[in-house]
2 protein chains.
Amino acid sequence: MRLSDSIEQFIKELLSQESTEVELKRNELAEYFGCAPSQINYVLATRFSPDHGYLTESRRGGGGYIRIVRVVKSGSQRLMYLVNDRIGDSLGEEECLRLISQLKEQMIVTADEAALMASAVSTRALSVPVPDVLKDAMRAKMMKSMLMTIASRNRS
Amino acid sequence: MRLSDSIEQFIKELLSQESTEVELKRNELAEYFGCAPSQINYVLATRFSPDHGYLTESRRGGGGYIRIVRVVKSGSQRLMYLVNDRIGDSLGEEECLRLISQLKEQMIVTADEAALMASAVSTRALSVPVPDVLKDAMRAKMMKSMLMTIASRNRS
DNA sequence: ACTCAATAGGTCAAAGAAAGTCAGACGTCT
DNA sequence: AGACGTCTGACTTTCTTTGACCTATTGAGT
């Protein structure tokens, strides 16, 4: 069995026990598996990325940690559809706004959240000297990122 | 648990009991936590700065003290300060996250909104081939745009 | 008034603690 | 052998903690 797979298993084990969130120490985990600490980052990058349905945050320095959150897909098929299929690599402002207003209508996001999202992807917010092609690429990523975040709460 | 966090909690405990202001002795507090007195300054600098919504004053010499005052500003005042003064033309990711978490702590935005904002300015969301300088310029604009949106609703 | 010692807080740099990054070595399929 | 996935180690960045030295205030003794 591959080391990466073992670590992946181990973390998923923890996640299944401790609900949807787990916090761990990179060095301890590396010690436990007798590997380089950076191996943990590799596992996170290749198996617990947002694309895989996970979010991670961390802190350095004394008392540092890594937290992994499993995004629950059940309550939000619509969102995951948007993230995985609907939104591609590029999204214009108009289309962003259309999507956002649909989400609002379907009561998947509140009016306040919709306004927040719209202001983030607005032309005004992105008015820096960068080609439009790249801005639209960025909009796509921002939308996905925000939708993932929304999907990760709200397991109602 | 981190020492800094314990001290922070301790002070906030005092503040919640004694209204909006608390006065303490640096050396006594350090003794109580068994740490170097300068540790107290570190906690003040990293957790009770004006950005965090606190002011501190102090006196040296006999009968010296440190006073910590929680500044009670309305949400929209705080937001306007951020938009007009605090955030300039450029803002790194770390600083964005710090500001956002402060807004959450001050209950000016909800946890959900904070998460949404954080995901919008994240490295992940902006991972397109654009120089970092421009990304930080964009972050500044996005933050302002989002904060304005928040301010324009409930002017409480 | 002046000086000096005691008291109390401030500053800063260096050490320590954790996590992040990335290039390159190593493996394992085809 | 080549391509792709895995793993490591050296170096970096961020956050925390401490200690040595500095500055301000007070008060007692002259």
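Sorted by class, the surface near DNA strand D holds eight nonpolar, 14 polar and seven charged residues. Keep in mind that you're working with a predicted model.

**Exercise 1.** Describe the side of chain A that touches chain B.

*Solution.* First, count: 28 residues of chain A are in contact with 26 residues of chain B. Next, look for helices: α6 (111-121) and α7 (132-152) of chain A each supply at least two residues of this side. The largest share, ten residues, comes from α7(A). Last, sort by class: this side of chain A has 16 nonpolar, seven polar and five charged residues.

**Exercise 2.** Work out how α6(B) and α7(B) are oriented to each other.

*Solution.* Step one: the axes of α6 (residues 111-121) and α7 (residues 132-152) of chain B come within 10 Å and cross at roughly 155°. Step two: an angle over 145 degrees counts as roughly antiparallel, so α6(B) and α7(B) are roughly antiparallel to each other. Step three: the crossing is right-handed. Step four: Met117(B), Ala120(B) and Val121(B) of α6(B) make the contact with Arg139(B), Met142(B), Met143(B) and Met146(B) of α7(B). By class, that's six nonpolar, no polar and one charged.

Note on methods:
Residues are numbered from 1 along each chain as its sequence is written. Chains are lettered from A and ligands numbered from 1 in the order in which they are written. This is a predicted model: local features need pLDDT of at least 70, side-chain atom pairs count only at pLDDT 80 or more; totals for chains, interfaces and linings use all residues. Ala, Val, Leu, Ile, Met, Phe, Trp, Tyr, Cys and Pro count as nonpolar, Asp, Glu, Lys and Arg as charged, and the others, Gly among them, as polar. Two residues are in contact if their C-beta atoms, placed from the backbone, lie within 7 Å. Helices (H or I, at least four residues) and strands (E, at least two) are DSSP runs, numbered from the N terminus. Axes are lines fitted to C-alpha atoms, for helices over the stretch in contact, and angles run from 0 to 180 degrees between N-to-C directions. Angles under 35 degrees count as roughly parallel, over 145 as roughly antiparallel, 65 to 115 as roughly perpendicular and the rest as oblique. A crossing is left-handed if the near helix is turned anticlockwise from the far one by less than a right angle, and right-handed if clockwise.
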